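Open the model in your viewer and keep the selection tool ready.

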Amino acid sequence: MVKSKPVSPEKGRPQSIDRKQAFKSPSKTPTKSPRNKLFSTPDLEHASPVKNLCRISSPAKKNLFGVQASPKRQQIVPPKCNSPRKSSVAMSSSQSLNDPLAEVQQILRQRISQHCFPPLIIGYEKEKSQLYDLIKRTATTGESNSLLVIGPRGCGKTMLISKVVDELLSSSTIRENLLLVKLNGLLQTNDKIALREITLQLQLENTVGDKVFGSFAETLQFLLQALKSGNQNSKPILFILDEFDLFAQHKNQTLLYNLFDIAQSAQAPICVIGVTCRLDVIELLEKRVKSRFSHRQLHLFNKLTLKQYREMCRQYLSLSNDFPCPDFVQKWNQNINDLLHEVSVKDILERQFSLSNDVRGLISLLTYPVCQISSSHPQVTAADFVMSFKFLSNDTKSSMLHGISTLELCLIIAMKHLTDIYEGEPFNFEMVYSEYLKFAKRRAGIQVYEKAVVMKAYEHLQALELIRGLNSSGSMTSGVQALKEYKLMTLLVHPAQLLDALQKYPNCPTEIKQWASQSIN
């Protein structure tokens, strides 16, 4: 029998509970607000949220992706495998096995973004050996050295030094003994900022504290003294000065003077390596700095052949043997080998090599194909290479031809027709205007403009540098400058650029396309 609530005889409503009584025994008489009543259920009223979820969920549980899972799911311990990436420690091996394409994306994108070392260094075996021996002598025997690495931008100077240092630090004895300081002339614009950066990288900011030094040399000497171990032997330090020529522009070249002076006088075992692209960097040094430099130089130049260039491309796109999925590695590498043997890909690599044979140019070419890899596009194709090269070799003249008027386009076609007729001989405005009139009168749909309007369009093409005079000062006839109508000009537009512009030109008349095709053919 269910008991009803006591009802007031006057109003017919439940009697109100005394407020003091409610506070005395909250556990026995829990109060509910109207808001709580809306979201409470009779069965789950006093249960915890976790229990509620467990009681509400059905026996066939679903994960975040909507896939049903068994109630008792046994945890699978994946086999231990070494990922080729340093950051792959955070990513479990089970994820690599389930979705190897995501792992491939991470590996290749890190390669082209230069966040990790390249898979292969080609062409610098001798220079790498010299650099390795020089730094190793400083790290093991305490021999002080100084060296300048000189080469054009993009030839691999910084990459080579970083690779050598990484190989040396793989040894536990050298890693515990050698200290590394990297400075950049673009960031450390004066000696004060450079000294602060040296202090931070050597982790001596607490040692320096609030001490006041009289000169730069005293501060640097104090830092070196603080690095001495118990047997009074200083730890060897490797200084890498990127953009070395900018450090030579500092006032009095104090940083370079003190570093070279320490290296020469053997006050502490240090190795100073400067990286620059200026061949005359020695001439920028002051006499006192130049006298303390060892004048040891290592020149790097692009010596890649086309065969080595293709091999480097294959190494950048291939997967190493320590990838978690061996079967996937075999299929992927086979696809890359087949791709690089296609005629279109060979042609693109050859054209890119002729433009720029450095590593940066190759990385720029591979950026688009690598970024296109996804679940819907799981492989690198020849079309990706074609599109990437098209983006890199976007011609400015072709872009300008897309924006010129129809009249100016007709004048360019007339110039091309005259160039073919007279076998490359120069032309003038009167010849171009006569050729334009012949075409316009033969075609009923082409408007014939006045000579002054055509002259304006002709001058605009000259301003865009699509046509050019025979010399910069203008043609001269009998000591008197020729009139602009009779000034000899040459066309600077290639037939391929003209055809590309006609294909992409918006609402181009059919007569003009036919005339252009006849002229070019």
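**Stop 1: a helix pair**

Select residues 359–371, helix α18, and residues 382–392, helix α19: their axes come within 8 Å and cross at roughly 130°. Helices here are DSSP runs (H or I, at least four residues), numbered from the N terminus. Axes are lines fitted to C-alpha atoms over the stretch in contact, with angles from 0 to 180 degrees between N-to-C directions.

Now show side chains. On α18 the contact (heavy atoms within 4.5 Å) involves Ser364, Leu365, Leu366, Tyr368 and Pro369. On α19, pick residues including Phe385, Met387, Phe389 and Phe391.

This is a predicted model: local features need pLDDT of at least 70, side-chain atom pairs need 80 or more, and totals for chains, interfaces and linings use all residues. Numbering starts from 1 along each chain as its sequence is written, and side-chain values use heavy atoms, without hydrogens and water.

**Stop 2: cysteines**

How many disulfides are there? The count is zero, with a disulfide taken as two cysteine sulfur atoms within 2.5 Å. Select cysteine 277: the closest cysteine sulfur, in cysteine 155, is 9.1 Å away, too far for a bond. Cysteine 277 is partly exposed at 26% relative accessible area; cysteine 271 is buried at 0%. Buried means under 20%, exposed over 50%, partly exposed in between (1.4 Å probe, protein chains only).

**Stop 3: confidence**

Colour by pLDDT, the predictor's confidence in each residue from 0 to 100. The chain averages 77, and 75% of residues score at least 70. Residues 1–5 fall below 50.

Key:
Helices (H or I, at least four residues) and strands (E, at least two) are DSSP runs, numbered from the N terminus.
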